[in-house]
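Please look over the sequence and the model shown here before reading on.

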Amino acid sequence: MSLIPCQRHRFSVPADIAYFNCAYMSPLANEVLAAVSEEAALKTVPWNYRPEDFFIHVERARSAFADVAGCNADVIALVPSASYGLAIAARNLPIGKGQRILVLAEQFPSNVYVWRERAAEAGGTVEAVTHESSESWAAALIGRIADDVAVVAVPNCHWADGSMIDLNLVGAACRRVGAALVVDATQSLGAMPIDIARVQPDFLVAAAYKWLMAPYGTGMLYVAPQHREGAPIEHNWINRGGSENFARLVDYRDDFQPGARRFDMGEKANPPLLMGVVAAANMLVEWGIERVAATLEGATDRIAMRVRDLGFETFAKSDRSPHLLSVRFPGAMPDGVGPQLAEKGVYISVRGQSMRIAPHLYNNEADVDRLVDALTSL
Ligand SMILES: Cc1ncc(COP(=O)(O)O)c(C=O)c1O
């Protein structure tokens, strides 16, 4: 597969900034910013904003998400955050007294708190699964998936250290015992392929401000067929049947717009955000997700090799995702690593005992040299 040449020219990242923090927040590409700005100007002339504009932009963004996720637009709801999508999942999955909900140890809080609340309501428990370094996350999870598990709520790569979770295996194990699978793909969708038809999640959510390269406050929720008649967490006018007819909105109706649209967030028809999503998704589709993954894997491999030469530790390649590299000090991590690197124009995140390095296509070899020099000076 051909790799993607450096795309720095499409971003406004200055030459003296080495930004390795896409897992924190991606920079908007220039073309995404242009789309957002152009649409924001629409609200200076609201008389030009037609009733059909409440639907057109929304459906374009839905299709754009579907193109990146590799599914049909009808099965996607527009959400403002991962936590919103996870709240929909939690509302719609049955949990019986004494049943268990499995999450990963040190999982991102948006995919933990909601399950704690749900378990407390239902008289169930939340279990954080740990794994030994000799054992994969999937093996550890499968070892705990039994008849009394109601939900497995996991990502496909760990947000803190980039370690991989094989969801094909986890999905199959869930189906064997009738447990639901909820996936938080915020740290992977856009950066690595996921085969939704094979994993068969009940719900899959992704906030779009990281690897989907879209504005903050955007995201998508995939909803499996068996939940498309489920209960939304808010009831806004536009998700109901017939809402296209503004003159008849108070003919209150019980039916919803088709597919997963009943779960769309309120005030979804926000053109700057929606067209930002479309521009970002078009860019990702132009690159191709498999090529993005292969190119980022090349970058993290090169960085891994160079930092190991400096005495830092990284995961074996087979255990890590292509786009996220966890770099650990041989001993304890000294204080103030993040700010010290930032002083040298190098941006990473410190998560637990490791530095999380998250490159994207705007990074160039000079960025890698700057990172290695800065790490050397630590
Ligand atoms: C795995 C994961 N999920 C979700 C989020 C964001 O959550 P929310 O959209 O609820 O703010 C993050 C942010 O770092 C994340 O790493």
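## Loop residues with positive phi

E267 counts as exposed, because 11 C-beta neighbours lie inside 10 Å, where exposed stands for 12 or fewer other C-beta atoms within 10 Å, buried for 20 or more, and partly exposed for the range in between, with C-beta atoms placed from the backbone. This is a predicted model, in which local features need pLDDT of at least 70 and side-chain atom pairs count only at pLDDT 80 or more, while totals for chains, interfaces and linings use all residues. Residues are numbered from 1 along each chain as its sequence is written.

E267 has a positive phi although it is not a glycine, and Q200 likewise has a positive phi without being a glycine. Most residues other than glycine have a negative phi. The table sets out both residues; helices (H or I, at least four residues) and strands (E, at least two) are DSSP runs, numbered from the N terminus.

| Residue | Phi | Loop | C-beta atoms within 10 Å |
|---|---|---|---|
| E267 | about 50° | between β8 (219-223) and α8 | 11, exposed |

## Overall fold and domains

The protein has 11 helices and 12 strands. Its radius of gyration, taken over C-alpha atoms, is 21 Å, close to the 21 Å that the globule rule gives for 378 residues, so the protein is as compact as a globular protein of that length; the rule is 2.2 Å times the number of residues to the power 0.38. Along the principal axes, the C-alpha trace spans about 70 × 55 × 40 Å, and 45% of the 378 residues count as buried.

An automatic or database domain assignment divides the protein into domain 1 (8-20 + 288-377) and domain 2 (39-286), whose C-alpha centres lie 28 Å apart. The contact between them takes 18 residues from domain 1 and 15 residues from domain 2, with two residues being in contact if their C-beta atoms, placed from the backbone, lie within 7 Å. On the side of domain 1 that touches domain 2, α9 (289-309), β9 (325-328) and β12 (354-357) each supply at least two residues, and the largest share, five residues, comes from α9.

## The nonpolar core

A nonpolar core is a set of buried Ala, Val, Leu, Ile, Met, Phe, Trp, Tyr and Cys residues joined through C-beta atoms within 7 Å. The largest such core holds 114 residues, and those that touch the most other members are V151, V152, M220, L221, Y222, V277 and A280. Helix α8 (residues 271-287) gives the most to this core, with nine residues. Both domain 1 and domain 2 give residues to the core, so it lies between them.

Leaving aside residues up to four places away in sequence, M220 touches F65, A69, I76, L78, V79, A206 and A208. With the same exclusion of residues up to four places away, L204 touches V183, A185, I196 and Y222. L204 has its place in strand β7 (residues 203-207) and is buried, with 28 other C-beta atoms within 10 Å.

## The ligand shell

Which residues surround the ligand? They are S81, A82, S83, F108, S110, P155, W159, D184, T186, Q187 and A207, a residue being near a molecule if its C-beta atom, placed from the backbone, lies within 6 Å of it.
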